[in-house]
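Good morning, and thank you for joining.

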Amino acid sequence: MPTYATAQDYTDYTGQSGPADINRRLARASERVDELLSNAIYETDKQGIALDPVLRDAITRATCAQAAWTLAVGDEFGTASAFKDVSMGSVRLARVDTATGEAPRYAQDAVSILLQAGFLIAVMTW
């Protein structure tokens with residue numbers, strides 16, 4: 001599976017250097033972007049990278065947005081998306097109702113970038 005953005009792409013997109021493990025985080029963000037693109041049809045090279053430079057740029061920016069969002073919310077693996085409320089003292093967990101769109105798995109900026117690039121045909125609630 002390709003990683004759609006580099007550490008330099010992340011810095012260019014956010015204006016900040018990423019953490020020491022930014023390459024791993026971008027690889028994880030690429031997996032989330034792949035999920036969003038699962039029904040998209042576009043030409044790729046042998047590594048799975050979009051040939052069209054406009055589409056490639058949108059995928060790169062969406063990947064950076066996804067990585068930045070997971071860093072900001074502190075939930076790289078999407079584990080918090082399964083719960084709307086977690087307490088440690090006397091343990092209290094409340095599952096998220098995915099139909100309500102609570103605790104999203106995807107960065108709204110990533111979804112917007114892909115929507116504007118024509119990859120997505122409708123606004124999705126994640």
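What you see is a predicted model. I begin with a set of residues in helix H2, namely Ile22, Arg25, Leu26, Ala29, Ser30, Arg32 and Val33, which meet Ile59, Ala62, Thr63, Cys64, Gln66, Ala67 and Leu71 in helix H3. By class, the residues of this contact between H2 and H3 comprise nine nonpolar, three polar and two charged.

As for the geometry, H2 covers residues 22-36 and H3 covers residues 53-73; they pack at an angle of about 115°, and their axes lie 8 Å apart. H2 is therefore roughly perpendicular to H3. The crossing in which H2 passes H3 is right-handed.

Let me now turn to one residue of helix H2, Ser30. Is Ser30 buried or exposed? Its relative accessible area is 0%, so Ser30 is buried. Which residues surround it? Apart from neighbours within four places in sequence, Ser30 is in contact with Met1, Pro2, Thr3, Tyr4, Ala5 and Thr63. With Tyr4 there is a specific approach: the side chain of Ser30 reaches the backbone nitrogen of Tyr4 at 2.9 Å.

Finally, I come to H3 and helix H4, the latter formed by residues 108-116. The axes of H3 and H4 come within 7 Å and cross at roughly 170°. The two helices are therefore roughly antiparallel to each other. On the H3 side, the contact is made by Ala58, Ile59, Arg61, Ala62, Ala65 and Gln66, and on the H4 side by Asp109, Ala110, Ile113 and Leu114. This contact of H3 with H4 has seven nonpolar residues, one polar and two charged.

Conventions. Residues numbered from 1 in each chain as written. Predicted model: local features only at pLDDT ≥ 70, side-chain atom pairs only at ≥ 80, totals over all residues. Heavy atoms only, no water. Axes fitted to C-alpha atoms, helices over the stretch in contact; angles between N-to-C directions. Helix = DSSP H or I, 4+ residues; strand = E, 2+ residues; numbered from the N terminus. Parallel < 35°, antiparallel > 145°, perpendicular 65-115°, else oblique. Left-handed = near helix turned anticlockwise from the far one by under 90°. Contact = heavy atoms within 4.5 Å. Nonpolar A, V, L, I, M, F, W, Y, C, P; charged D, E, K, R; others polar. Buried < 20%, exposed > 50% of the residue type's maximum accessible area, 1.4 Å probe, protein only. Polar contact = N/O pair within 3.5 Å; in protein donor to acceptor, adjacent residues only side chain to side chain.
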